[in-house]
Amino acid sequence: MLYHIFHSTQFSYQQWVSFSHNLIRLKPRDTPFQTVIDFSLSTDPAITEMSGYSDYFGNHLHHVLIREPHHHLKVTVRTCIAMDLQAIEQHRMLAQYAKDVTYGQALQALKASAPDVIDAKQFCMPSKFITKMDPTLRDYVASSFSHQRSLYESVQEFMGRIYHDFQFVSGFSDVDTPVEAVFEARKGVCQDFAHVAISALRSLGLAVRYVSGYIETLPPLGEEKLFGADASHAWFAIFIPGYGWFDFDPTNNIIPYDQHIVLGYGRDYADVAPIQGVVFGSGRSNVSVTVDVTREEMPAQNQSQSQSQS
Amino acid sequence: MIFENYTASSYDEMFNEDGTIREHWKALAQNLETLGLQQLNVKQKEIDWRLEDNGVTYNVYDDPNGISRPWRLDPIPLILEGSDWDRIEAGMQQRAKLLNLLFKDIYGEQKVLKQNIVPSEVIFGHSGFLREVHGLYAHLEHPLMIVAADLARGPDGKMWVIHDRVQSPSGLGYAIENRLTMNSAVQTLYSNISIRRLYAFYEDFKSMLMKQGAHNKSEPLNVLLTPGAHNETYFEHAYLSSFLGLTLVQGQDLLAKGGAVWLKSLKGLRRVDAILRRLDESYCDPLELRSDSKLGVSGLVHAVRKQGITMANPLGCGILENLGIHPFMPKLAHFFLNEELILPQIASWWCGQEKECEYVLENLSTLIVKSIDRSDNQSGTFRGKDLSAEEQAQLRTKILENPHLFVGQEEVQFATAPSLVEGTIKPRHVVIRSFAITKDEEYEVMPGALVRVGSSDDSLIVSGQRGGSSKDLWVLGESGPVVPNNAYKPKATFENSLENIPSLRAENLFWLGRYLMRCIMSARMIRITLKSLANATRYDRQGNLHAQEILCDTLSHLSMTYPGFLAEGEDKVIDPVAEIWSVIGQNDRVGSLHQALNMLSNANTSTKNLLPLESWRIFDRMMREWSEYANDTLPQQRTMISGLDSLLVSLMAYKALIEDSLFAQQGLILYEIGAGLERAQLLIAKSRSMLTSVYEPFTEYEVLETLLGSSESLNAYRAHYRASIELEHVSEFMLLDSQFPKSLISEISHLLKLLPKLPKFKHDIYLSRYEEPLFEAFSILRLSRIESLCALAPNSVVRENMDALLASVSNKLIVASDELSKTYFAHYDE
């Protein structure tokens, strides 16, 4: 199965911008479950210099310099990505085994120094947006956890509680709204819920990372899907020693399966902000974003074969 | 016997425990005795005077007495035996080697983490670990080019490492300045003492940077990147850059593109080979590092990624200043070098380990607890002895919340050395900042150091920021013959030519000219208006009142403090003197004289190091007097006028000093262009307000006389016209007369003469973009005739031709200024 993703971002500046450096993180990383087949990045005004590379976490990144004076900057990305449904299903099966690991066992294992654990440990640490431990948030999360209980099931329950206790309200928060404020108001958007979950689970000593990406949305029954009705999305993943990373989507209370497409991951939003720019000589800027995710079922080859066999 | 009352409570550098003088101090002791205490104090005064005269300062943040504090140097040096030093040297070399290997590993394979030599939290939990530069240094053998460490002698008589400084260690400039000052001020103390010289080390430092010049082989362009004049060690940045032949730049002077870093100079962009970095790494690039940094260069990390720039020291090395690494240094020495550490360290326990954390918590009252991260700006050091029970409990909670962020250290009594304190010699704790640099695949250690002296008896805190003193370090022994290093001698004239002036400096000089003229001309206009208001009661004629209104309106136009006197209805000015006082002294009012002075003050700060010391003094005194003056709520007119008088005297003296002492090659031309543009614009503003409307004869006379007076042109006019003051004559004189240097046309033709001296000027068939508007302005003025400018349409009360001409010239000046900025200061189109 393929996804075609269209992602366009437009910035408007109050003054002329004549020289701007940008970091763009809009090319999805390859994972065992997804492979980028086609990718294009363009801007208006046009790119003067561009180079792509991978960051410390292995996410794709483009450094882009634009030198044509402009008031508006439009960044357009088209991606085609193949989902490996078999691998996704295998990972779902693996989760069934991972459920055996209790919270207590996980904590013990995180003290060891196996290579995968050492790498995971950086996701236990405070990070730019998740700096301090909020004791009330810790109390809130702790009621779902005990040393003897399955870590996976506890996290799943906790995800459900965020889903039920928090209200999805856009406009309440922005990038800089602290986790405590979101937790206190019990409202925010996907990015806030991911941050709340990460902060809470880290306060329990767990390794948790932030995942940015897209989610396929379906139109209400019987309606045509409108182009551009999608949005970028964010969720979190937890490290279960011996089994690896498992994703949870608290905004929708689901365990990501084949409708979630990963852009990249990091300690929090700061590591994977989609577009970061430094512009010279501009005042504030406005941003508008259009995202579209369209599914394309696998080419007919397999199907026609199976048909001919039947 | 000048050491009679000297008693040290801990290990002393000079005295044995039994009170006898250590062998290697005997010659100095003799020299000090010969000199005598009284003469030693005289020497101290001479040193103070020399340092102040050289402008050696240490800027102290949050100091109510201004930000500059004079650098202090003790006339008594610290002496170390050659054999003692050899061991320190070997220890520093080992430490530098070790830190370099650790640096390469952290930003490379991370074997020390994978093999659990260092717990990963020590690295991951420290803000100095910059993921952005991971993998960028694999091609370099010695990315860590400069290693400094603070050393102090422990109770066992051995030199211990207190901490490492690699980010952008300060002290090299102060150390050389200390040595040069000692050489000239206390020659007598050197009698019968032979010490190692510093010359070769500084020459090697220069070569180390010059060798990075792979891109401009014959003339590498190396810069010293400073956070700016407000930084605590800015003196050192300016001093070192000139000592080492580096161009002193701020982030705004540089630009990153094409995988390289470029210096914006008046000639255009020039490729930079190496940066000696004195800016903290997190501030170096707002794109990839701290996004709130205004001091960095956007895209700098990417230029490093593309291997287009060398930095000493490299970005990311802040992780090595991490105290959490200390407990693991012996293990690391085994791992990387298979050696024991030569220089011992203070016993320390990293709280990220359970047992160690328990130990620290149990011994909180005797240990010193430090945060492993210096960058979080919180007070990072807690001395157990000084904490109350409650404070201890708070600290305990803090540690338990984030154990990996803390280390506990044993409290150690470090050695003292004799120091001249308030006229007598007393023991003071000393800390040695030692430096090592890369040379031929090895590390070379400076045979000297910056020694910092504690400010009080028991103070272990030895910090320039807290007002301690410093010493020169004398290492006994001989130095080889000095071989001047000609290979990389920078040409003396090179950085002095106009074309190599960094654009930011050029821009600041340009604005220095503009704001200085703005201040002078506004102050004059305000003064003359106040005087005219003060005369009101004497004549009390309608015409006089009208003239005053026009002057007041002119003041609003000139300063652009709209609506001001132009307000109608409810906002109409009732008390003109109060309104004028607001135009003078209201700090937050756009266009006020106070604001212009603040802008001038900024321009002065940024160009200070080009200007003579007298100008600093005049400026400082002027600003002090001004802040007293402007603080008044509403002084009497007389006081207002006399305050403006003294301001103008200072401004004129300051102006004369600038014009007298700055070379054209240092950028005086930019100051002149700025000043010329500003004078022309302000003259236009005055003329439009005072010459273009038709008034009653008496009013007109008053206004014309004021226009001439406020431009200090009255005498020149009288000498020229020998006639009464008439509108046509005055207009002709002030606008069109090329013989009169203050006329508008003269100002513009002067600007046209200056432009060809700028570096990018092309003697082309066509005019450049910034020259064109000035040439047009000159032409339309030159082609004007005064009869036509003064002509009035039937029933009109405004001389429309003149107003249109002035408006058009004004617009052309604005375009010229913008184009000039684009070409010489911004360079975005190159």
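Two strands are taken to pair if DSSP finds at least two bridges between them, and helices (H or I, at least four residues) and strands (E, at least two) are DSSP runs numbered from the N terminus. The structure is a predicted model, in which local features need pLDDT of at least 70 and side-chain atom pairs count only at pLDDT 80 or more, while totals for chains, interfaces and linings use all residues. Residues are numbered from 1 along each chain as its sequence is written, chains are lettered from A and ligands numbered from 1 in the order in which they are written, and side-chain values use heavy atoms, with hydrogens and water left out.

In chain A, four strands form an open, antiparallel sheet in the order E11-E10-E9-E12. Strand E11 (244-248) and strand E12 (260-266) stand at the edges with a single partner strand each, so one side of each is left without a neighbour in the sheet. Neighbouring strands of this sheet are turned against each other by 35° on average, direction ignored; the axes are lines fitted to C-alpha atoms, and angles run from 0 to 180 degrees between N-to-C directions. Strand E9 (residues 208-215) of chain A is joined to E12(A) by six bridges in the antiparallel sense. Within E12(A), A:Ile261 stands opposite A:Tyr214.

In chain B, strand E4 (residues 146-153) is largely enclosed by the rest of the structure, because eight of its eight residues are buried. Buried denotes under 20% relative accessible area, exposed over 50%, and partly exposed in between (1.4 Å probe, protein chains only). In a regular strand the side chains alternate between the two faces of the sheet. From E4(B), B:Ile146, B:Ala148, B:Asp150 and B:Ala152 point one way, whereas B:Val147, B:Ala149, B:Leu151 and B:Arg153 point the other way.

E4(B) pairs antiparallel with strand E18 (residues 424-439) of chain B over six bridges, and B:Leu151 stands opposite B:Ile432 in E18(B). Six bridges also join E4(B) to strand E5 (residues 159-165) of chain B, again antiparallel, with B:Met159 as the bridge partner of B:Arg153. E4(B) and E5(B) form a hairpin with five residues between them, and B:Gly157 in the turn has a positive phi of about 80°.

A search of the whole structure finds zero disulfides (pairs of cysteine sulfur atoms within 2.5 Å) over all chains. For A:Cys124, the nearest cysteine sulfur is that of B:Cys357, 17 Å away. A:Cys124 counts as partly exposed because its relative accessibility is 21%, whereas B:Cys357 counts as buried at 8%. The sulfur of B:Cys357 is 4.6 Å from the closest cysteine sulfur, in B:Cys351, which is too far for a bond.
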